[in-house]
Each structure stands twice: as structure tokens, then as C-alpha cells.
Amino acid sequence: MKQRNTYMRQLKVKAGIFLLFFGTACAAFGQNAANAKGTKEVADSSSVKSASNLPVNWENTSSISTVTGKTIYKGSSYSPGNALYGLLPGLTVIQRSGEPGLEDPDFRIRGNGTFGNTNYPLVLVDGFEHDLNTIAVEDIESISVLKDASANLLYGGRAANGVIVVTTKRGALGKAKVSVNVMRGMQSPMGSPKFLGSADYATMYNQALASDGLPAVYTDTQIQDFRTGDPIYSPNVDWRKELVRNNAPATKANFSVTGGNNVIQYYASVGYQLIEGIYDHTAMHNGYSTNVNTGNINFRSNLDIKFTSDLKVKFDMYGQIIDKNTPVASTASIWNALNSYPSTIPIYALKDSLFGGTSVFPINPMGLINEQGYRSIHERSLIFNASAEYNLRKLVKGLVAGVRFGYDNFYTVNSAWSKTFESYTVTGKDPATGEPLLSAPFGKNTDLVYSNPSGDNQSLRLNLDGYLNYNTAIGSDQKLAAQLIYHQDKLALGGESPYYNQSLSGVVNYNMKNRYLVEMGLNYSGNEAFNKGHRFAFFPAISAGWILSNESFLKDNSVINFLKLRASTGTVGRSNLGYRFIYRDYYTGGGSYFFGTGTSATGSIIENSLANPNLTFEKSNKSEIGLESVLWKNISFSAAWFYEKRTNIVISQSNVVSSLGGVGLQNVNGGEAEKSGIELSLNIDKAFKDWGYFVGLNYTVMKSKVLYNGELPVPTGSEYNYTTGQPIGQPYGLEFVGFFQSDQDIQSSPKQQFGLVKPGDMKYRDKNNDGTVDDYDVGPIGHSTFPQSELGLVLGANYKGFDIQGVLQAQLGRDIYLGSNPYVYWPLINNGRISTYVDQSWTDANKATAKYPRLTTVSNPNNYRSSDFWFKKADFLRLRSVEIGYNLPSQVASRIKLDKVRVFVRGMNLVTMSNFTYEDPETMVGYPAMKSYNLGLNVQF
Amino acid sequence: MKYFKNIGAVLLLGILFTACNFINPEEFTLRSADQVKRNFSSLGSLRVAPFSYLPTGYNTIGNSWLASASDEAEEVLVTESIQNFNIGNWNQYSNPDNVWAKNYMGIRKANDFSQMADTITWYEWKLSNPTAYNDRVFRTNMWKNEMFFLRGFFYFELIKRYGGVPLIKEKLNMARLDSIASIKRNSFSECVEYIVTQCDTAIKNLPVTQVAADYGSVTKGAALALKARTLLYAASDLFNKSGNSNPVLGYTDGNRQQRWIRAAEACKAVLDMAPATYALNNNYSALFLLGSALNKEVIFECRRGAINSFEAANYSIGFNGGRTGTCPSQNLVDAYEMKDGTAFSWSNPAQAADPYVNRDPRLAMTVVLNNATFNGRKIELWEGGKDGLPLDRASKTGYYLSKYVVQNLDLTKSQTSYHQWLNFRLAEMYLSYAEAMNEAYGPDNKSIYTLTAREAVNLVRARTGIAMPAFPLGMTADQFRTRLRNERRVELAFEDHRYWDVRRWGIGSSVLGGDIRGVKIAMVDATHFTYSPYLVETRTYNSKMDLYPIPEDEVVKSKGSLAQNPGW
């Protein structure tokens, strides 16, 4: 049996290889086709102006938005992802952190569509799956976002969350053109909460103790001493100011050459980038730094070779080396310490030598960042793509076959040199010597010790595509194009079963009279995560377009140069559900029990959750209606309405599986969600003799809803507790009605079940009127941090040698939860501090005007829990980038043998307007996002 | 047309290619049921699985002892989940002691082992290695018999809380979820009979003693003790309400007398194993600090290894690392008699002035009293003392827990000590026997047995080091019952009995819904203190709480087949 299978396999492989040479359309072709089909809705001046006043790719019937590398470059900081804010309708870019090396943002295409696993789209670089943020910005030719089912057809079983396609630059005919881009800037952190100084903190702390019924701890003399602030005996340390600098330098340089002749065309580039972090005092040690520094070097070489008039070959190579240096402590622990470590503990117990600390707080932030050693992360990636395309016109006119191969290797090594340090409490002043008296040390001084916390990791992705294209004309007014594309890839990570993808797509395009367009396609995709028989699925899509501007009644209209209506519908799917191989029953480790007199327990094995052999793709049915137009020659306007229903979302079966069985069942495909919205985009581009301007505006509204997620039932009267019927990611909490003003108030109100309440604590609404306030009074409040609508605006102008471009982005309809940054907004929590945001806490004296619950030194689960009191509106508008450049006049430039010299200043995140002003509304927690001022130079020769 | 033909041909060839076996996941070794069956050590691991679902004692509800939800103690922290019981904030939607799912998982693990072991013969070893064969067969059989006990234990844990529950006697086929949803609760008497038959099978085949390496395993005595306890609960007030017509909640016939006799008989079977296998230990306090040693009074224990979490939770706040935790109540302390057998009373000025002198020795062994020596120093429970109010987190009642707490552990150095929780011990069997005999025949009637109820209690009171005066002859059944219940309360304090005893005796509302008292201690001088009892809190309790509510999501999943307990 086994031998027969091997024989069959060999036969199929031979047949396959034979086929490969005829090929079937590959992703590269598919991507070219996508570019060929995409309508550019772009904020770049050169796209709209074309000789026939038709937008490029007017034949497209699916929903694709593209932006060119030129626009991206002008808005980029140091990570390609961060250059895409506000540029593409339907693409929401969410900043997560400003930490060098980790500033890559999160993407959503048209909002959240599912509540299972992730909403992150598929990202392809030159046709194969790869991380967007490891590509050099200067190498990018264009980025397209494929949004509806028809555009995503070729990626069928991977494309439910949409697809982002990145194309890199290729050579062009002509003599070698060298381009040098250099930029240097200073980054500074945005959003810095402030905390009360030691004297004010001590006063408020005494107040908190009083409201708890406990005696005061700080005496008046102590408070007075804090005001004068002796660094050792009565310190008043502003940890953020001490350890976070306001400016950190960053440098970027790129050198590229492009050119070619009829046989070979090439694009080659080398890039370098170095970014420093904002921690201070990091150079205290010989030979290493404890700052967060990231440096990377990358190189690329893209060759197009025409062997014969019928055979075209491409070789692409890309490599990158990244070196990251970070402190040993994690980013989260550092920023929590900066926010919560008491200001009353000195940095140094003995002038500049021994660290201050107490038994409860042994590690002060100076030591946490700078005295625990460093981590060094080294990453290397190498991509090698080769493709061959053969024009089969001698066999069949209009037939082209091709094959592509990709090799993508990523290797990372993580090593740490760590140590610990001692800290001391100052217990008094020695009257004789005047030196501080110190307690016994906390912790120990050790030397650097090497460790390899996560070892070496290697991942390898092998891609193979084959394709077949056919283009023909039928009669004089009909065109037919067909493609067949085969794709397979394997991702091997150490220690896990490899990941496989395989798909076959066929698409047919029909064009009648350049007025009526139809596209039909079918994709058959497979993945290894599921059981045999459920691994493959069909994903069909159909779209149609009607070009009204080519109809007789609009053909010569002076206002409407181009008008197209399009509609599409289809199904795509995804398989990265977070569950692999759950179709098998097996035994796994269980609890342990002690037998005998020994001190080690005996382990057990138990049945794992019973298998679900039917797990399969999550499916997304997308529909769209769109309109694209070009008016008055320079204005392009497009609008789209989209709707998506997601089914087969993985949900738990705990709401139907009775516990009488004593064992759980694996999750099943059962959840459903839907989303809908509108995209609008407007571009105006005008050029005159000496000057010109362009405006690009895009606006997206996104709404989502959970239709079914298998949640457990709630008691009648508390139906608001259900997450079904609410937007995906909807936050839940209690409804705040006021502060308890007195003991009688507490007695006469519904009983709150979260802990003991006193006057000054928060009172909540008893929504189900059962006399108690508990978890069944929790309902939907506010909005999640994901916006309900997004606005992007690109403005630019040029006059003689000067040019200016700015990108604005607004996210509207979002809230932030103050409880996600408790050390700032929940005073004294976990022995933390009090920030300046805490204003007018409730006391008996100010009970009428109190704005914050009473201060307390013990844990207070009644006040510090999710309620609408802690959700604040956080819509914001940001000037993401603004760049002013000046081109040296051509006579001046040519004197130094250069074609073009342009100097520019660029600012990123310079202005933010928001209704939440205390901190940066986008990245409230952890390493802050950065604003930067940069100076740069573009030279071409 | 020919264009379409060409396209079609290539399409077909393409699909053929896809059939090529490219996607071939490498499946790493995962143990299947077959592999477990053939591997003796895997089978041994499978046998351990149900044990891990047994109650482990000590802090069963979060960081607190079940005792803190009865009138034995009060948990010091207001925010601990156990306080929900005391403020009445628990119901079918949220119950801190929700063990429904956990016990059914234990039942399934036991059934899984039984069904697998039934198919194992080890024949292949018979000829090749006879000694290994004998060993394997012996052990497999012993483990199979343990499963009967474990199933009985899990069902007992369920019925004492919920009343009658669905009896799942073998692994349920989870493919038919709708047939599972229609399973109904069995009647209380069916459940009791099932537990008794399971125990009977175990009793027949389990060994009497065990070797050191097997300490913690199930013996014949454990199965006998479980049967005795089950029958005692089955005869109690809670499950024998007069006029009860719902068989799920208890018995509906009037044969209560029979049940008491049966219970007495079952207890006697355990007592007959003394003094050969079991005997009362001659040191009461040492009984709860056995370390890893086996003790003749212990019938079935749960070994916990070397830990100190329990001490960290219950040492006084005055010790470094201590968190106070369980504060024994004045209610419990008042229950201890004077050394001469009379009751303690606050209205007796001599007793009120020095309440801890001349008391039942078990008081000092169970509770840390003011000025007693504990963990190397005197405990300063008076106002302003190192261990007393108003220190944050000092005991609310004026007492700390002593029973089961290992002294002399330095928590800052993370020292640990071996702990074992005694599930069944001989003294409980004497007291249960006395209770059953009293109800069946009265205090002084030994019927066909060798021991009267009174004699049984007196054996417990006469323990070396305790030597409390015997119960006198000629008490009425009611008088005996009152004194016996008090004896059970002090002998088995903090052993997770009181919480269930007051429910099954039908006095839950008054005890668990009553006042919890503590004592305020003021220091006069180094040896003189004044004691003023005061009210700590009034508990909230409703008679519906005598039986737990079935978790609501289970009722919903059963589409109403599982009837909820009344009042919930």
C-alpha cells in the first residue's frame, strides 16, 4: 500500500513538473495582474495625469487601492508600515509602540471582521508571504490593498482579512541612475504623564489613610523636608525625567542604482539605518550600552533578463541584518516602574554609588534599566526569488507561461548578559561623619552572566508558483483573458510540524466594447491544519463593471471624463485559526498526586479534549458596489459600499457540552460575524507652469457586529450582558451613577458585591433591578480603541523648486480605557503613585464637587474595575508627516555633475489634536510613540 | 471556442497536479488510547488521573478554609471569594464552591481507567516474564478496585451538596450531545445505593495495609469509611424531611430507623478493624502535623508534598510572611467544655476573667489563644499587641488557627514542610457510630454490637493527653444528641465537617445565618487581660442554601432535564 502510494506520488510529481513548464499563472503574474487591474486612487500627482485622461487600470472590476513608493517615501519615518497612515482608504494603520525595532504597526483592512484569532491581513512582498516591516522603504515601488473577494481571488484560502501587496522597484531601460537618500533626525517621546512630587504625594497619602480609617504615616516635618528635597534624605525623584531623554537620534541612508539595456535591467540598493532609544544614563558601563538601539543593514538586487524575445527571466535577492540591543528588563516592566516607583526613594543611597531601595521596592528604575545587563538580538534574513516567463506565441498566440520560485530564510539569535545589584535604604544620618546610615542590602551584586533565553531560531519558507496566461481578442470589440495560477508554499519552523499552503486559481476576464466587463474566477485552496477531507475548499468570486463614460450618451461629456460602476461578490477564507491537528484524540498530561513519602508528585495522563475532525476554513462572503470617476480632468472621485459576512469562526463548545461528560470538546466552526461600511476617496491634482498642487482625501466608515459566538446564557433581565449583537471588541462594564455620599446612602442603595464600600466610593446602576450590583449588571459601554471611522488627507503643493507635502490622519469614534494604564489613572494602586490626572478626589469636605473616587491605600476592587467612568473619548487628528523640500536649480546641480539635489526637512507626528489630552491617545501604555524632526538630502545622478 | 478548450485542458491537468500529496503534515508522537493500553507506566499515569480530582483539603476556596464559611471561623480579608458565602452572594450563576464539573471529570477519569483496564490481560507477559506478569496483573487489579472507591467518593461529594445527581456509570459517548442533554437526575436513594455498591466491591478486594511507597493509595478501610459516612449522611435530617415527595432531594419513604441501623452497622465495620489496623493516636495535636509518616489513626489521607502555602496563609500577621487568613470564632471557642466536663459560660465571672484556663485541652491545640506560645514566641493578641488589632490584617476574632499549621517555618527563607490532609480518621468513625446508634437505639443500648453509643464517644474523649470526663449513663437520646453534636464540633474542628454537619442536621439557618462573635482583649499587665466578646458579623443564610444550586449553565445545557433545587 505504501509503495503504491509512493509510485503514484512520483508519477504525479513528474506530471506536475511537466505542467510547470507550461505553467499556470503565478502570484507574480497575479500580482502584475492585480497592478494591471487596480485603479490607482493615489495622492501622487503623476498618476491621474495620463494622456487619455483615463486612470491607469480602468478595466478593473474589483476593489483595489494603490499608493506609489514616492508618496510612501515622503511620509516614512523608520519603519515602512508607519508610512501608510491615512494614505489608503480601507486600510487602518494602528500604532503600537515607538520602541526602535518594534515600531511596526498593526493593520486592519476595512475594520475587524472576525473575533477569532487575528484580524491581521495577508502581506505579500513580490508575490510571496513576508513581513512588510523588514523591507527598506526606498525599495518599494508601490503598495496595494486588495479589499473585496474578486481582488483577493488568487489568494482564496488565505485572504479573508484582505491582502496587502508590496511590489519592489525594478530596473528600467536607460543609463545607470544613481540615487542617494540620507536622512537624520531627532525623535522625542509623545505623551508623558506627570506625577505628584514627594511632598504632595505624602500629603495625599495621609489623606488616603484617613479615608481608610488608618493613622497618618508622614509627619509634617517629613512633608516639609520633601519640599526642600535633599536627594538622599528626603528625595523628590522624578523618575521619568531622570531616565527618559527628550531626544534620541536616528539616521537612515540608502544608495540605489537602476538602469539597463535591452537585455538586462537592474535595480540594486544598499541601505543602512540606526535608531537610538530614549533611555538615559545608559552608557555607564564599559563596553556595552543598556539603551534600546536598533541598527540594520539591507541590500537588494532585482534583475530582469531577456534571454530571447520569448524568454524573460528575473532574479531577485534581498538580505537584511538587524542588530538590536535592549536592557534585560522587559519594556512593560520598565515603563510600569517609571510610573509607579515611589519618588520618596532616592536614586542613590550614597552619592552616586549605592542604589536606593526598600524591601518592598528593591529595584529602582535607574538600576532596572542600567544595572541589570543587556540583551542582544541578532536577526538575519535572506530572500532569493527567481522566475522565468516564456511567451508561447509560436504555439498559441496570446499564451504566456511562467514559473516562480522563492526562498525565504530567517534566522534569529537572542542572547543576554544579565546581572543583579544591591540596594539600600537610608535609615538616618550618622551624626559623627554626616554620611547616611544604610540598612542591610536588598539583592546582591553579581557579575554579568551569559544566558541564551530563547535559543536560536530558524524559519524557512519555500515558495513555488506556476502560471499560464492567455489573452486574445474576439472580433473587433471583445477581449478575453484567462489565467490559471498554481501556488504552493511550505514554512518550516524548528520544533513544529511545517505549515503548508497549496492553491489553484482560474480567472476569466471578458471585456465587451470597453463598456461591459465581467470577471469570473474560482480558487481551490488547501492547508495542513485540518483533517483529510476538510483541507481543501473552493472559493469563487464574480465581479462586473460598466464603464458609463464609454457609452454614447456620456462619451463626449466635458465634465465626466470617466465613470465606472462596479459590483462584486464572492467568498474567500483563511486557515490560520490558531488550531492545528485537532482532529485527533490523544492523551495529554494531567494533574499530579503524591504517593509515598517522597516530595515529588506522580504525574498523570488524561484524555485531551475530544477531537473535532471537521474543522475547516473560516469563510468570508464579501460583496461590494463601487463607483469610480474622473471629473473635470483632474478630479478623481470614488465611492464604495461593502458588506462582509464571516462564518465558520472558531468558537468553544462549552455552552452546549454538558459537564456530565467529564471531558471537553475541541472548538468548532460555528461563530458568525458581519461588517459593513463605506469608503470615499477624492483626489485633485492640478499642475500649472510653475506650480501645482494635489489633494487626496479618503474617508472610511466601518461597523461590525457579532452574530453568534456560542456564549453561555445569562439570567433573564440581564440580556445586555450578551456580546452577541454588539460590535466586535465592544468593551463591557458597569454604569457609574455617582459617589456614595454617606453611610445612609450606602444603606439605601442596591448592595454592591465587589467589596466593602465607604462614602466616596463609586456607585453603580443596578441594571437588572435585583437589588444587587454584581457581574450581571455589566453591559456594553463606550467603544473600543478601534475607530468607527477614519479620515486621511494628503495635501501637497509645489512652486518652482520648492515642494511641500503633509499627511493628516484622524481616527474617530474611539474610546480608551484608563484601566489599561492603572499606574497613571488609578492612584496608589499596588503601592504606586498619584498622577496629576487625579484631581479632586472625594473627601467629606468637597463631596459636592468631587471628580474622582476617594483615595485609598488598600486594594479597592469596587472602584478600580471596568465602568463607563474609566472610558474616555479619544478621537484624534494627527499631522502624521509634513515635508518641505527644495530642489537646487538644474544649472547649479549640473555644475557638480548631479541631476538632482534636493534638501528637505521632515517632521513626523508634529501635531496631535484629541479630546483626550493628558497622554498620547494612541499608545497609552509602554514605550511611547515618537515625534521626530528630520533633515535629509536626495541626490540623483 | 478553441480558446476555451485549451483553457479547459490545462485546468484539468492543473487539478490533477493538486492531488499530488504536497500537504503532508508531519504528525509528532501523540499518545493514542492504544499506546496507553500497551504501556504499563502509561497505565500507571492514567490511574493517577482521578486522584488528582479528589478534594485536597486546607484552603479549598481560594485562599480560605471552608471553615471560614461556617461558624468555626471568619476569613480576615473582606475581598476573599469565600466571603460571598457569608454575605449570601452566591447562587446558581456564581458559586465559589462549584465542584459539579470537577467531580464529573474525576468520574470520567475513573471510568476511563476502568474501561481500559477491563480490556487488559497482559497475556503476552505470561510466558516471557512470569514475575513481571504477576506484578502487572496484581497492580492492574488493585488499581481497578481503587476506581470503585474513587467513583463512590466523587458521587458522595456531589450528593452531599446537591442531593440526587445523574449517575454516569461509564464513559459517555460525547458524539450524541442531544442524548446527553436528556439525562435526568437520579433519585437520592439510587445514588446512595450506587455509592454503597461501589464501596462494597472495593471493600472486597482492596488490601488492608499498604507499603510505604503506596502511602496515599486506597485501602479496604478507606472504602469502609466512605460507606459509613455516606450512610450516616443518608440517614440525616436533611435527606429525610417528613412529607418529602421529591425523591431527588431525599428519601420519600418513612424507613428512617432502618437507615440509622445500616449506618451504625457500616461504622462498626470500620471500628472492628481497630486495634489491629487502626487505633486512636495518643497525641491529638501531633495527629495533624504528621509530616509524611503514616499514622494508625489515619484511614485515608491526601498527601500534599512539601509546601508552606498553608502556613503563609494562616500565620499571624506578626510573623514575617504571615497573612492571618482563618480567624477561629468565639462561637467555636465557647463550645469547648471546662476540664471537668461542664459547659463554659461568660456569665461566670471566674471563667470570664480567665477564659482559657482549665479548658478542654483540645482548645489550645486547635486555636492559638492570647499569650500562648506559638512558633517560638508568645502571641500578643491584645489591642496594640504585635498580633492584635488595630494592625492591618490582624485577627478579627482574637484567635489564630493552630490545628494543621506547622510551626517553626521561616517563611522568608521559603522553608517547607510535608503536609497531609486527613480525609478519614478513626475518631470520626467513633463519633458517627455514636450518632447512628443513638438515633437507632439510644445512648446506652448496644443492640447486637459490642459498643454502645456512649461508650464510643467516651473512647474518643479518653484519648491520651485529652482525658475529658466521660459522658454519664442515663442520658436521654435528645440530651445525648446535643452533647454528641458538641463533641463532634470540637473533635473534628477545622476538618471540613462542621460546614456539612450543620446542613445535614437541619440547623443551617440558625448556625450559618447567625452571629459570628470574637473577643476584644485589653492588656492589664503581662499576665492579666480583660476579655470582652463582641459581634464580628451577622451572616446571611437562607434555608434553600442547605442544598447547593445546580450550576445554571448546566441546567440550560440540559434543556431543563436537570431540575434545579428548590428556592434557586
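Analyst: In chain B, 69% of the contacts between residues at least 6 apart in sequence join residues at least 24 apart, where contact means heavy atoms within 4.5 Å. This is a predicted model, in which local features need pLDDT of at least 70 and side-chain atom pairs count only at pLDDT 80 or more, while totals for chains, interfaces and linings use all residues. Residues are numbered from 1 along each chain as its sequence is written, chains are lettered from A and ligands numbered from 1 in the order in which they are written, and side-chain values use heavy atoms, with hydrogens and water left out.

User: What share of the residues of chain B counts as buried?

Analyst: A residue is called buried under 20% relative accessible area, exposed over 50%, and partly exposed in between, using a 1.4 Å probe and protein chains only. Chain B has 568 residues, and the share of them that counts as buried is 58%.

User: How many residues of helix α3 of chain B are buried?

Analyst: Helices are DSSP runs of H or I with at least four residues, strands are runs of E with at least two, and both are numbered from the N terminus. Helix α3 of chain B spans residues 40-51 and is mostly covered. Its buried residues include F40(B), L43(B), R47(B) and F51(B), and the count for this helix is 11 of 12.

User: How many disulfides does a search of the whole structure find?

Analyst: A disulfide is taken as a pair of cysteine sulfur atoms within 2.5 Å. Over all chains, the number found is 0. As an example, C267(B), which is buried with a relative accessible area of 0%, is in no disulfide, and its nearest cysteine sulfur, that of C199(B), lies at a distance of 12 Å.

User: Is T647(A) buried or exposed?

Analyst: T647(A) lies in strand β30 of chain A, residues 635-651. Leaving aside residues up to four places away in sequence, T647(A) touches E618(A), K619(A), G671(A) and E672(A). Because its relative accessible area is 18%, T647(A) counts as buried.
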